Amino acid sequence: RMAGIPVIDLQLAAAAPEEAARLRDAAQRLGCFRVAGHGVPRVLQDDMKAAVRALFDLPDDAKRRNADVISGSGYVAPSATNPLYEAFGLYDAASPADVDAFCASLHAPPHIRYVTYLFRCLSCRFFPVPSAPSPRW
């Protein structure tokens, strides 16, 4: 029987010991959990998903520029063994320099760089949020 994936409210986990215990249990026992109460606006979640799709839609030669983020890591293309898995390497998503290096390696256009940076700012609770290059923000 498959266990349900628990939903952890991050706002509660910061203040309520029982929610923090649920988070620890889910991470240790299941290795995953769904997140609520994270404070990232829906529009930014949607824009980040679109930005990620755009990066994965890049030609293979462009994606392969994301190499050796950590020795031996970087872009992983789908393979015969794992045809549904594709990944990029980003050393530290909380580091502005690492996010910039990631975007630069892929020659990401300004709106993708901005969405990636803004998502990093809000999801890691880094402020101030940069000024927007687009009227959408």
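This is a predicted model: local features need pLDDT of at least 70, side-chain atom pairs count only at pLDDT 80 or more; totals for chains, interfaces and linings use all residues.
## Helix 2

Three residues of helix 2 are named as buried: Glu19, Ala20 and Ala26. Viewed down the axis of helix 2, these buried residues fall within an arc of 125°, so they line one face of the helix. The cover over the buried residues of helix 2 includes strand 1 (7-9) and helix 1 (10-15). Exposed residues lie on the other side of helix 2, namely Pro17, Glu18, Gln28 and Arg29.

## Helix 3

Helix 3 runs over residues 42-56 and has 15 residues. At 1.5 Å a residue, helix 3 should span 21 Å, and this agrees with the 21 Å that separates its end C-alpha atoms.

The buried residues in helix 3 include Leu44, Gln45 and Asp47. Met48, Ala51 and Leu55 of helix 3 are buried as well. Because the buried residues of helix 3 fall within an arc of 165° when seen down its axis, they line one face of the helix. The face of helix 3 turned away from this buried side carries two arginines, Arg42 and Arg53, which are exposed.

Note on methods
Residues are numbered from 1 along each chain as its sequence is written. Side-chain values use heavy atoms; hydrogens and water are left out. Helices (H or I, at least four residues) and strands (E, at least two) are DSSP runs, numbered from the N terminus. The expected span of a helix is 1.5 Å times one less than its number of residues. Buried means under 20% relative accessible area, exposed over 50%, partly exposed in between (1.4 Å probe, protein chains only). The arc is that of the directions from the helix axis to the C-beta atoms. Contact means heavy atoms within 4.5 Å.
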